[in-house]
There are 2 protein chains.
Amino acid sequence: MNGTLLEAADGAVADGDAPFEAWMDSRCARVEQALRACLPAATTAPGRLHEAMAYATLGGGKRVRPLLAYGAGELVGAPRAAVDAVACAVELIHAYSLVHDDLPCMDDDVLRRGRPTVHVAYGEATAMLVGDALQALAFQALAGAARSIDDPARIGTMVERLAHAAGSLGMAGGQAIDLESVGAMLTRPELERMHRMKTGAMLRASVMLGVLCGPPSSPAGLESLERYAASIGLAFQVVDDVLDVASDTATLGKTAGKDSEQNKPTYVSVLGLEGARRHAAELLGTAHAALEGFGPAARRLRELADLIVARTT
Amino acid sequence: MNGTLLEAADGAVADGDAPFEAWMDSRCARVEQALRACLPAATTAPGRLHEAMAYATLGGGKRVRPLLAYGAGELVGAPRAAVDAVACAVELIHAYSLVHDDLPCMDDDVLRRGRPTVHVAYGEATAMLVGDALQALAFQALAGAARSIDDPARIGTMVERLAHAAGSLGMAGGQAIDLESVGAMLTRPELERMHRMKTGAMLRASVMLGVLCGPPSSPAGLESLERYAASIGLAFQVVDDVLDVASDTATLGKTAGKDSEQNKPTYVSVLGLEGARRHAAELLGTAHAALEGFGPAARRLRELADLIVARTT
C-alpha cells in the first residue's frame, strides 16, 4: 500500500502502513466520535447529569483500553462498528471507575487529567450518579455490538466478560483489596493479584473483547492473546507505580506521589525503583513473545505494548 | 389441576392454581437461591466486599421486581432458568441502587429493611464498591440467560433494555432529577416523568425482560404488557409516597416521613393524600384493563398489581 490509505469493504480506512502516531490519532478520534454518539446530549433531561457524564468521558485520557480493543479487533479482521462499540464500552467503564475512585470516601482526589475531578466540579451526589450511569451505558454500548458481529449470540459471552472484568472479581474487587491494603505490607504475589484485578482485568478484557468481535479464533491463538493481554496489563500498573514516584503532578495531570504518601504498597515499594523498571521490561518481553505467531498483523498490539512501558504520563 | 403441583417439562413446578401467597413464597425462594448462586462466596477474596454484597442483597426486601419478571415470564411460557437470570439481574440493580441511595452524599439513611444500611455496617468506600460490583453482577447474571433462551441473539436487546432502564434515561437519571427537585415545586407531569424514570423504568424492565425470555410476542401483546408495566410502575411510586406519609418507621423498615422532612415533591404534596390514593386506584384499573386479552394466564400479573397498590410496606 506504500502508505496510501485505502477504503476497506466496510468503510474502514486500511492504514496498516501508517506510522503508529497516525494510527493512534485516528483511533482516538474514532472512539471520541463513538463516545459522543453514545452519550445522551446535555439538552436531554437530566441535563446536568448528562453534562457531567460528558465531562468525565470526553476530551482527555490516554484511551489505552480503546486502543487495545482496536489493535486486537484489527488483528482478527473484526467489523469496524463492533470494535467501536467495544472501544466505547471499555472506556466508559474506565471513566466511571475514575469518577468513583476520586470521590472523598475513596482516594479523595481533586485533580484528574489536569482538570477538577467530577465531584469538585459537580458535587458528590452527581459524581456518584455519573459513575453509576456510565457503567450502565458501557453495557448498553457493548450490547449494540450485537448488530454488527457475525454471530450475535456471542454477545452474551462478551457481556459476561466485561461484567466479570469490571466487578468484584475484577476491577471493583481489586479496588477493595487496594483500600484494605493501605498501610499493609503486601508480598509480591499479593500485590500482583491486586493489580491483575484492579487494572489488569479491564486491560485484558479490552484486548479479548476486540478479538471476540471477529471470526472464531483458534484456542492456541486465544491463549497467546490472553498471555499478551495479561503481561501488558501488569506492565501498565508497574509503570504507573514507577511514574507515581519518578514524575510530577504537572506532567501526570493527576496528583503525583499519592501512593507513598498514603502508604500504599506499590511495585516500587516492593521491588525498588530499578527492580520495578526491570520487571516492566520483562513483562514487555513476555508480551512480544506471545505475539510471535501473528506476524505483521499484530503490529499495533506490539506498538501498544511498547507505548505502555515507555510512556511518561 | 385442582391445586396439585405438577412437574413441568423443564423441571418447573406448575402451580397455576396455587394461592397467590404460596406462589409468591415459592418465587421469592427461587430468586433467593439464584442470588446466592450468583454472588461470590464470602470466602473468595475480597472477602469483606463479598460479605457486604450478600448483606445488601439477601434475606430481605419485597422482591417486587423478580416477582414481576416471574409473572411475565410464566405468562409467555419462558424457560425457567432464563427467568431466574432476569429475576436476579433486576434485583441486583435494585439492591445496588439502594446501597448508593443510602450513602451520606445522597439520602444519608442509616436504616434499610430494618437493619443498618451498608455504609453504616461496612463503611462508605466499601458501600460504594458494593453498589458498583452489584451493577456489574446484574449484567453478568442477565447475560447468563443467553444459555437458556431459544434465541440467544436476543440477549443483546435484553442487555440494552436493562442498561437503558438503569442508566441516565432511567433509574439513575430519575434519581438525579429527584436530587435537583429538593425544595422545588414540580408540576404533576414533571413529577410523573421523574418517577417514570426513577422507579417505573426498572419495574417496566422487570416485566418486559421476563416476556423477552419467552417465544416472540405479537406487537399488540407487547404493547399491552408495556401499558400494564407502565401503570403499575407509576402506581408503585404513588403508593410509596402515600406510605411515607401514612405509615411509620417500624412498619416500613426504613425511615418514614423523610420526603416531606426533606421538602421533596411527592404525589401527596401535589395531589393530597386522598387524591394520591385515588390516582393509585385509577392506575390499577389501567393495569387490569391492559391484561384483559390474556385470560387466566395473566393471573399472577393481576395479583401483583393488586399487591402493589394494596401493600402497607
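Here are some worked exercises on how two chains pack in a predicted model.

Residues are numbered from 1 along each chain as its sequence is written, and chains are lettered from A in the order in which they are written. Since the model is predicted, local features need pLDDT of at least 70, side-chain atom pairs count only at pLDDT 80 or more, and totals for chains, interfaces and linings use all residues.

**Exercise 1. Describe the side of chain A that touches chain B.**

Step one: count contacts, meaning C-beta atoms, placed from the backbone, within 7 Å. You get 45 residues of chain A against 45 of chain B.

Step two: find the elements. Helices here are DSSP runs of H or I, at least four residues, numbered from the N terminus. Those giving two or more residues are α2 (47-57), α6, α7 and α8 of chain A, and α6(A) has the largest share, 14 residues.

Step three: sort by class. There are 28 nonpolar, 12 polar and 5 charged residues. Ala, Val, Leu, Ile, Met, Phe, Trp, Tyr, Cys and Pro count as nonpolar, Asp, Glu, Lys and Arg as charged, and the others, Gly among them, as polar.

**Exercise 2. Work out how α6(A) and α8(B) pack.**

Step one: take the geometry. Helix α6 (residues 124-144) of chain A meets α8 (residues 171-180) of chain B at about 165°, axes 9 Å apart. The pair is therefore roughly antiparallel, a label for angles over 145 degrees.

Step two: list who touches. From α6(A) come Ala125(A), Thr126(A), Leu129(A), Asp132(A), Ala133(A) and Ala136(A), while α8(B) supplies Ala172(B), Gly173(B), Gln175(B), Ala176(B) and Leu179(B). That splits into 7 nonpolar, 3 polar and 1 charged residues.

**Exercise 3. Is α8(A) enclosed or open?**

Step one: check burial (20 or more other C-beta atoms within 10 Å of a residue's own, C-beta atoms being placed from the backbone). In α8(A), 9 of the 10 residues are buried, so the helix is largely enclosed by the rest of the structure. Among them are Met171(A), Gln175(A) and Asp178(A).

Step two: look at the partners. The buried residues pack against α4 (80-102), α7 (155-166) and α9 (188-212) of chain A, plus α2 (47-57) and α6 (124-144) of chain B.

Definitions and conventions. Axes fitted to C-alpha atoms, helices over the stretch in contact; angles between N-to-C directions. Parallel < 35°, antiparallel > 145°, perpendicular 65-115°, else oblique. Contact = placed C-beta atoms within 7 Å. Buried ≥ 20, exposed ≤ 12 C-beta atoms within 10 Å, placed from the backbone.
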